[in-house]
Amino acid sequence: MRTVIIVHPKFEQVWPFTADRLHLLLQRLGDVTFIRLPQDSRNLLSEVVPNPSTVYRLISLAVPLSLSCIDEFTSLKEAFISITGYAQKPSKDITDVLTERGVRLYGQPSEGYWGQSVSEFALGLTICALRRIPQMHHAIITSQEPWIFPLQQFGDDPNFVNGTVEGKKVRIVGAGNVASRYASFVSMLGADVAVWDPYAAEPAFHRSGSRKEWHLEKLVQDADIFVPMVPLIPGTEGLINAEHIRALPKGCLVVLATRAGICDTVELRRRVLNDELSLAADVFDVEPLPLDDPLLGRHNVVHTPHNGGRTKESNYRWAEKLAEQLDSRVAD
């Protein structure tokens, strides 16, 4: 009996480095067959796995399969099956058949792999916006005028929150995987950090160096840096409404690093374009942003193309979280 990892390029377009990392981790379980399919492969799972009747543990990543495929894996006891690059589960018919046969099916949590990557990226966005680093970089490759400062080497924009993270009032919505890490970073740098999250346990705030704010309406009132940092689910869509956005102090920096849809982006855009707020964003209401979008290239906007979570380390973590679930006592 053996373990098989089979990966389609469609999966690796979303999760590069992951399949190889998983292969390395699972070698401790004994005999592992690793199969990487060609780019244009349309073969079904049972057609590309040699001797499917000998497979005990199956990891199938974005490989097409059918009910008839499952019949070929007569010895199967454990499986993780994704039919797309984003770890979408197979049809209910297939999962029902496997469950009835006593096959243990593994799943993946919806988050946790990219918490560190996104939170570090958000900190980078914050500092870039406070110090106008991208704008300065662009300016000095086109002119030497930026070297001539009206005030001695002071390049920050006094119309918006600027300078160091230290001493800033950082107000965060969310105390989860990403937000708690970000809170700990800015707290370490000397910020005054308050967090609103009615579902988080009290220790989540203390561990991140923040204090709990009970009222979202109060959280937005004194923010130097406002960071809505929750996942986009039905319960969080539009959570930060127009009234909250209007309550942010003039000059406040808004940092978006999870999903833009948690905010009223119409009101956020209005205030940013009116020079009332500055914005540091890796996520937007429209992606990709049209090249004529008024947010692009502004003096008060730092923007990146929704790649905050995509590091080799976060993709390794995807593999590690799956490998952690597998029964390490079962080997060939």
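Mentor: Start with strand β4 (residues 78-82), which is joined to β5 by two bridges in the parallel sense. Strands here are DSSP runs of E with at least two residues, helices are runs of H or I with at least four, and both are numbered from the N terminus. Two strands count as paired if DSSP finds at least two bridges between them. Glu-78 has Arg-104 as its bridge partner in β5.

A word on the source. This is a predicted model, with local features needing pLDDT of at least 70 and side-chain atom pairs counting only at pLDDT 80 or more, while totals for chains, interfaces and linings use all residues. Residues are numbered from 1 along each chain as its sequence is written, and side-chain values use heavy atoms, with hydrogens and water left out.

Now widen the view. The β4 and β5 pair belongs to an open sheet of five strands, ordered β2-β1-β3-β4-β5, with parallel pairing. Contact means heavy atoms within 4.5 Å. Axes are lines fitted to C-alpha atoms, for helices over the stretch in contact, and angles between N-to-C directions run from 0 to 180 degrees.

Phe-17 sits in the loop between α1 (9-14) and α2. Its phi is positive, about 75°, although Phe-17 is not a glycine. Phe-17 is partly exposed, at 43% relative accessible area. Ala-62 lies in the loop between β3 and α4 (67-72). Phi of Ala-62 is also positive, near 65°, and this residue is no glycine either. Ala-62 is buried, with a relative accessible area of 6%. Buried means under 20%, exposed means over 50%, and partly exposed lies in between, using a 1.4 Å probe and protein chains only.

Next, the other sheet. Seven strands form an open sheet in the order β8-β7-β6-β9-β10-β11-β12, with parallel pairing. β8 (211-212) and β12 (301-303) are the edges, each with a single partner strand, so one side of each has no neighbour in the sheet. β7 (residues 192-196) runs parallel to β8 and is joined to it by two bridges. There, Val-195 has Lys-212 in β8 as its bridge partner. Helix α6 (residues 115-131) packs on this sheet, touching β9 (225-228), β10 (253-256), β11 (278-281) and β12, at about 150° to β10. Helix α8 (residues 177-188) lies across β6 (169-173), β7, β9 and β10, and runs at about 175° to β6.

On a 1 Å grid over the protein atoms alone, a cavity is a set of points where a 1.4 Å probe fits but cannot get out; a pocket is an open set with protein on both sides within 12 Å along at least five of seven lines; lining residues have an atom within 4 Å of a point. Points are joined across faces, edges and corners, and a volume is the space filled by probe spheres set on them.

Two cavities reach 30 Å³ or more. Nonpolar covers Ala, Val, Leu, Ile, Met, Phe, Trp, Tyr, Cys and Pro; charged covers Asp, Glu, Lys and Arg; the others, Gly among them, are polar.

The second largest cavity has about 80 Å³. Its lining includes Leu-256, Thr-265, Arg-269, Leu-279 and Asp-285. α12 (265-273) and β11 give two or more residues each. α12 has the largest share, four residues. The lining splits into nine nonpolar, one polar and two charged.

An open space also involves β12. The second largest pocket has a volume of about 170 Å³. α7 (133-140) and β12 each supply at least two residues of its lining. α7 gives the most, four residues. Among the lining residues are Pro-134, His-138, Arg-298 and His-303.

Glu-287 and Pro-288 are joined by a cis peptide bond, with omega about -5°. Pro-288 is in the loop between β11 and β12.
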